[in-house]
Amino acid sequence: MKIITLGISIILTLISPLVSAAFKIPEYQSLKLDNGLQIYLMQQSEVPLIDVQLTVRAGAVDDQGAFGLANITGEALMFGSGKLSKVEVEDLLAFHGAELSSFTDTEMSTLSMSFAAKDQKKLMTLFRDVALKPTFSAEEFTKFKKRYISQLTQSRESPRNIVGNLFQRMYYGEHPYGNPVSGDISTVEKINISHVKDFYQKYYTPNNSALIVVGDFNAKKIKKQLKQLFGQWRGKAPEDSVLSLVNNKTESGVWLVDKDDANETTFMIGGKGINANHPDYVSAQVINTILGARFTSWLNEELRTNTGLTYGARSGFSDNSTAGSFTISTFTKTETTFEAIDLAIKTYHKLWEKGIDAETLKSAKAYVKGQFPPRFETSQQLARLLGRMWALKLSDSIINDFQQKVDSLDVKKANQLVKQLFPKENLQFVLVGKASEIREKAKAYGKLKEMNIKTFNY
Amino acid sequence: MKQTLLLISFCLVMVFMSMAEVNAATRKSDVKSFTLSNGMTILVVEDQSIPNANMYLFWKVGSRNEVPGITGLSHFFEHMMFNGAKKYGPKQFDKVMEANGGANNAYTTENLTVYTNWFPSDSIEVMFDLEADRIQHLAIDEKMVESERGVVTSERSTGLENSNVRMIMEEVKGAAFRAHPYSWSVIGHQSDIDSWTLQDLKDFHRTYYAPNNAFVVIAGDVKLSQVKKLAKKYWEPIPAQPAPQKVRTVEPEQRGERRVYVQKSSVTSPNIMLAYHVPATSSDDYYPLEMLSNILGNGDSSRLIRSLIDEQQLATSIFTYFPKSFDPNLFYVYAVAAKDVSAEKLEKAVVKEINKVIKEGVTQGELEKEKNKAQVNFYRTISTINGKANTLGTYALYFGDYSKLFSAVEDMQNVTVEDIKRVASTYLRKKNRTVGILAAEEDSQEEDL
């Protein structure tokens, strides 16, 4: 395969809204029930499918030290609903070819279901039951927790699974944006079912949630159904918590994670980024495309095409509602670790030293516009977009003004923005590899902290 | 890409539901096809839902066409096709494509090499030009070959570093096949990556990258007449070549269980892989095996997942993998042990579930469920232009006719509970399997199963 992606921050970059030429958000209806529940309805009739999702403004930032609590609460919705056991819910979904999943992020939690339009009556009711009538079975929780801890342990077998989370933890420090969404073995050990129930009671309330339905339905009928199913939901919204400011790093640091059988070093380098509502968000994406978000990007060209040091090198912004980070990431065999790190930094510095020229900017603008529409092609993709916009309080303009924002970016502005938006000083490094062979040289990049891949705590 | 294929179980099938009448889902009659005089066949699906289109080029070459000494060459070629031709020199393929708003990728399997271009539909002519140049005039530059060896070595190494499946599968395939080229991994042996020659590459390109060895699907905001015109202009002048030699080797029948063991100290609980020889996709047993694969290991309500993960808590993850294949290949079961569960215990529990199907068969309800899932999954697949292009090409090549995609659910309707029991007892036998174990401890006598 020609290209792969690396790390969690990169995945965040890929799902960040980027828009192209003719694209506007397809028409949708917005309504609010008396209990405060926000509803969005978007009709899409190409295939007879419906995607429904409930998005809640609660995520890993609300874990309060119990890393993983928001994520586990989302998963626990599937332990049984109303009169149905976990197994009965699973069997009912499978029989209809429906898919149910929970996804938790730093600032939002989403429960989503995809099903055939002909099953709307039955499965929308089931969706309501899963969301609003969870049994939180203690027996299921015990089984789940045991398995979940095993999986957290297993995830440490692969550097790619952990490097992104470690970077966020390193960069944000104690700030809640650094909380690992999946949690940590030591914190999950302490979570019990009453913590999950409390978290649910506090955050899963109608005026802290949005219900989004996209697909092949009759708008009048579905409104009636949703009012009937969700109109009686009660609960008080949690108070808006104000996040503290992120402390800027005043020196470079290196987290060296030892994996004694590693044959390569996986690394991430980065620093301060931008928040999701930043006025220059779109421009930053265009500039980053040039640096590290397409095949001919500077980083991939230098580290892969010109030198064969790696299979792929990337960069990207990972954005939250009030702050964000920026990272460069790649991997290379142990022996070429520092050659690759130095080349990555040297290439990154080209942004300041050489700057962006007119031809490269023109190409990047064409690329981001051309690659946009397929990101919002399916009902599921559109539902996710609406959910993210609601949760992070983003307006339609992030989509509808995209073309104009891309078009208006000129060379002068792009080079000015490099200086404002990309971190140059006090970069942070996470290196996962064979410590005995890279420890000494790693010290040159900043204050070193060493840990073991099997035993570290976030 | 093989990694991704392993994690996703394909059940791309359909039925004409009554609701299909009212929506715009692609039907058989929406797919148009034509063949150029040089033997290149092109399918076109017009779809105006987004202002984009794609171009999927399926080349009938994969690791099954290799021999010792050039293992991994098909995959390496997938990389070399981006490294410069006559009109568009080194780096230009990607630079020109991206400047025109396009992006691309490619993947190689045991059977096929597939190139994918995704672009705003008004850039379509550039795509034809870029492809024509590299198909007809690929420049195999020595310097690019050397740099690309490093890239592929890194790809191989990062796969082994990060994926237990890759590591164990390489050994299992090597043991399950002692004659047929499915024996080696798609990425190939490191020693071959280090040493193939320029002449190997030139011969390979001439033999396999001939228009008569390709199958193309274009889906999206395009017109059939426009595609025809461009195909004639850019692709028809490329001369056909003699058909590549057939793969002659047939894997001899396996007559007893084979076992392999891999030690990796960073593994935290044992991983096991069971692989059974099964027939090619063209066999009548394809759908019974596909449904058996899903009944056993796809979804929370499947037998292995329900029993071993949920009820017995012996495993943290399980999946089955039954790839489409030109030649007889393998039916895989993969499981990761829960904390403190031994490989031996896990393997016994997997085999017990398989034996239950052999002895008692499956239920009518399980069969019904698989048919319903197939219907809905079909719609998920064709909800994107990429899903359409990839699936149509896949059906055309493995079943010999793209329209098999549209009759797949009918074909599944004919499968009975007796068929499932029959294929389970025919193929999922001890003497026909290879078992692989990946664990942190050294393989020692005391640890033998």
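# Briefing: a two-chain predicted model

A315(B) stands opposite A337(B), a residue of β10(B). That pair is a handy way into this structure, which is a predicted model. The model scores an ipTM of 0.92 and a pTM of 0.93.

**Chain B overall**

- Chain B holds 16 helices and 11 strands.
- The C-alpha trace of chain B spans about 65 × 55 × 35 Å along its principal axes.
- Does the radius of gyration agree or disagree with that of a compact globule? For 449 residues such a globule would have a value near 22 Å, and chain B, at 23 Å, agrees with this.
- Of the 449 residues in chain B, 51% are buried.
- Among the contacts in chain B with a separation of 6 or more, 81% are between residues 24 or more positions apart.

**Confidence in chain B**

- The average pLDDT of chain B is 92, and 94% of the residues score at least 70.

**The five-stranded sheet of chain B**

- Five strands of chain B make an open sheet in the order β7-β11-β8-β10-β9, and their pairing is mixed.
- Its edge strands are β7 (258–263) and β9 (315–321) of chain B, each of which pairs on one side only.
- Direction ignored, neighbouring strands of this sheet are turned by 15 degrees against each other on average.
- β9(B) pairs with strand β10 (residues 329–337) of chain B in the antiparallel sense, over six bridges. The opening pair belongs here, with A315(B) opposite A337(B) in β10(B).
- Helix α10 (residues 286–297) of chain B packs on this sheet and touches β8 (271–278), β9 and β10 of chain B. The direction of α10 makes about 175 degrees with that of β9(B).

- How many of the seven residues of strand β6 (residues 214–220) of chain B are buried? Seven of the seven are, and the strand is described as mostly covered.
- In a regular strand, side chains alternate between the two faces of the sheet.
- Both faces of β6(B) are covered. On one side A214(B), V216(B), I218(B) and G220(B) are buried, and on the other F215(B), V217(B) and A219(B) are buried.
- Strand β2 (residues 41–46) of chain B runs parallel to β6(B), joined to it by six bridges. Here L43(B) stands opposite V217(B) of β6(B).
- Strand β3 (residues 52–59) of chain B pairs with β6(B) in the antiparallel sense, over seven bridges. In β6(B), I218(B) is the bridge partner of M55(B).

**The six-stranded sheet of chain A**

- In chain A, six strands form an open sheet in the order β1-β2-β8-β3-β7-β6, with mixed pairing.
- The edges are β1 (29–32) and β6 (99–104) of chain A, and each pairs on one side only.
- Neighbouring strands of this sheet are turned against each other by 15 degrees on average, direction ignored.
- Strands β2 (residues 38–43) and β8 (residues 209–215) of chain A pair in the parallel sense over six bridges. Y40(A) stands opposite I212(A), which is in β8(A).
- Helix α2 (residues 69–76) of chain A lies across β6 and β7 (109–116) of chain A, and runs at about 165 degrees to β6(A).

**Where the chains meet**

- The contact takes 61 residues from chain A and 66 residues from chain B.
- Which elements of chain A give two or more residues to the side that touches chain B? They are α3 (86–95), α5 (138–155), α6 (159–172), α11 (298–306), β12 (324–333) and α13 (358–370) of chain A.
- The largest share of that side of chain A comes from α5(A), with seven residues.
- By type, the residues on the side of chain A that touches chain B divide into 20 nonpolar, 20 polar and 21 charged.

**A lysine in helix α13 of chain A**

- K369(A) lies in helix α13 of chain A.
- Is K369(A) buried or exposed? K369(A) counts as buried because 22 C-beta neighbours lie inside 10 Å, and the cut-off is 20 or more.
- K369(A) and V254(A) are 115 residues apart along the chain, and their C-alpha atoms are separated by 37 Å.

Note on methods:
Residues are numbered from 1 along each chain as its sequence is written. Chains are lettered from A and ligands numbered from 1 in the order in which they are written. This is a predicted model: local features need pLDDT of at least 70, side-chain atom pairs count only at pLDDT 80 or more; totals for chains, interfaces and linings use all residues. Two residues are in contact if their C-beta atoms, placed from the backbone, lie within 7 Å. Helices (H or I, at least four residues) and strands (E, at least two) are DSSP runs, numbered from the N terminus. Ala, Val, Leu, Ile, Met, Phe, Trp, Tyr, Cys and Pro count as nonpolar, Asp, Glu, Lys and Arg as charged, and the others, Gly among them, as polar. The radius of gyration is taken over C-alpha atoms; the globule rule is 2.2 Å times the number of residues to the power 0.38. A residue is buried if 20 or more other C-beta atoms lie within 10 Å of its own, exposed if 12 or fewer, and partly exposed in between; C-beta atoms are placed from the backbone. pLDDT is the predictor's confidence in each residue, from 0 to 100. Two strands pair if DSSP finds at least two bridges between them. Axes are lines fitted to C-alpha atoms, for helices over the stretch in contact, and angles run from 0 to 180 degrees between N-to-C directions.
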